[in-house]
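Trainee: I have a structure open and would like to learn to read it. Please take me through a few features.

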Amino acid sequence: MAEPLAPAWGWRLPHGGRAVHVEAAPEFQATTMQVCGLFPFMAGSGSPALGTPVGRHQLHGDVVCLDPLAWLRGGLVTNPGMFVLGQPGTGKSTLVKRLITGAVAAGQTALVLGDTKPDYTRLVEHLGGQVIRVGRGADRINPLDAGPLAAAMRHLSGGDAEVLRWEVRSRRLALLLALCTLVREARISNAEEVILGRAIDLLDARLPREPTVPDVLRVLEEGPDELRSAARADSVDRYRERVSDLVFTLALLCTGSLAGVFDAATTRPIDLNAPAVSVDISRVRAAGDTLLTAAMLCTWAYAFAMVDAAATLADLHLAPRRSSLGVMDELWRALRGAPGLVEHADALTRLNRAKGMASIMITHSLADLDALPTEEDRAKARGFAERSAITVLAGLPPRELDRVHQVTPLTGPEQQMVASWSAPDSWQPGARHPGRGKYLIKTGERLGIPVELSLVGAERDLYDTDQAIRTGSRP
């Protein structure tokens, strides 16, 4: 007869080895390749393994990977748009820098479209990329510069060349209208838009180089017959009356607070072969929101033109097919400058999927977008978040999470988790912020993925955005 087995906690009698509590056995995780002989004691985690490793799952410790383009190729999402929300200091830029590093390692071109602080300059230089520093006495950007699109157009002929020429024209006109709207703080009239379009056509036919804003101003002041016809003016005086406001608006771009930045040819074109490009506009930040917004708009337009040119050259088999990751930080600054600027940004970013480009938009709060001047602009700005297939939430207060829930559904426990990251529960100096490096990744109706990022190696130095504060403090 077999001897009886002791219960799990031992025999209930003196000296029977009774234990009040039995600790759980240690748990180990490994891949099925490593522990293939341990069947059936295995379980899948469900965390995505496509893209750049961004940290470990906060519940079961599995590695979580993230890359908008890799997720799109793998069928996890329907578009490569990503929207990042979080309070200052919770690590939004740290996560994005990890994604930039992974994108460059995967062969993508990382484009930081307007670095306002700058947060990304050191990383881009470390990765062997190109840094363009825009500002008075530094690099300039010509808003009417077609960039690599002009080079692509030289390889085309016939109908294809005509299509691209009209694309270049529409981009020049759209950005010039946006800048005029910004400095005027009001929309450009239909008549003025017609006149500006005709002026761009004249300069394109006359000049052997890229036109500039001073060129447009000069031809408006000359008032040739083609412009008087476009203005529907039967006399010189009538023409002067029609274009007077437009002339002063363009003069502000050349001689006002924006002078020295957008009034000449581009000094450092974007390098298509660079692994990463950062357009550092931190020098224009002190000049006010108008100049900063103008710099961001020009940067966006120029970079998206580069992406379009790369796609065109690849279609012609003149260059390899490229994938890009565009980072648009401080999004709200570029949208609140004047009514109608949201429409311009929306037109630039809407077709990224067809261009092989992923975009990451970063802002502190959806309330930033609600502060836009008109309800039409606010509705279009909310569309940026709604169209993004991936939403990443860092620490946010409950009131902000209610706004997010209207765009991206959140469960009760998810809201409680993200809210718990928003503020420390202690006044102890030097205590680690509870939300630092913690993120909730949401895609559609799926349950969110809570992940915690840990810095490794040189990342602790390259990703640090608080160096200036610590350097200026006394020991």
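**Reading burial, helices and packing**

Mentor: Start with Lys97, which is buried, because its relative accessible area is 0%. Buried means under 20% relative accessible area, exposed over 50%, and partly exposed in between (1.4 Å probe, protein chains only). This is a predicted model: local features need pLDDT of at least 70, side-chain atom pairs count only at pLDDT 80 or more, and totals for chains, interfaces and linings use all residues. Residues are numbered from 1 along each chain as its sequence is written, and side-chain values use heavy atoms, leaving out hydrogens and water.

Trainee: Where is Lys97 placed?

Mentor: Lys97 sits in helix α2 (residues 92-105). Helices are DSSP runs (H or I, at least four residues), numbered from the N terminus. Lys97 and Leu462 are 365 residues apart in sequence, yet 8.8 Å apart in space, C-alpha to C-alpha.

Trainee: How do I describe two packed helices?

Mentor: Use the angle between their axes and the distance between the axes. Axes are lines fitted to C-alpha atoms, for helices over the stretch in contact (heavy atoms within 4.5 Å). Angles run from 0 to 180 degrees between N-to-C directions. Here, the axes of α5 (residues 158-184) and α10 (residues 289-315) come within 10 Å and cross at roughly 170°. Therefore α5 is roughly antiparallel to α10 (over 145 degrees). Leu164 and Arg171 of α5 are among the contact residues, as are Leu297 and Phe304 of α10.

Trainee: Where is the kink in helix α9 centred?

Mentor: Helix α9 (residues 236-255) has a kink of about 50°, centred on Val243. The bend at a residue is the angle between axes fitted to the seven residues ending there and the seven starting there. Val243 is also one of the buried residues of α9.

Methods: Helices (H or I, at least four residues) and strands (E, at least two) are DSSP runs, numbered from the N terminus. The expected span of a helix is 1.5 Å times one less than its number of residues. Angles under 35 degrees count as roughly parallel, over 145 as roughly antiparallel, 65 to 115 as roughly perpendicular and the rest as oblique.
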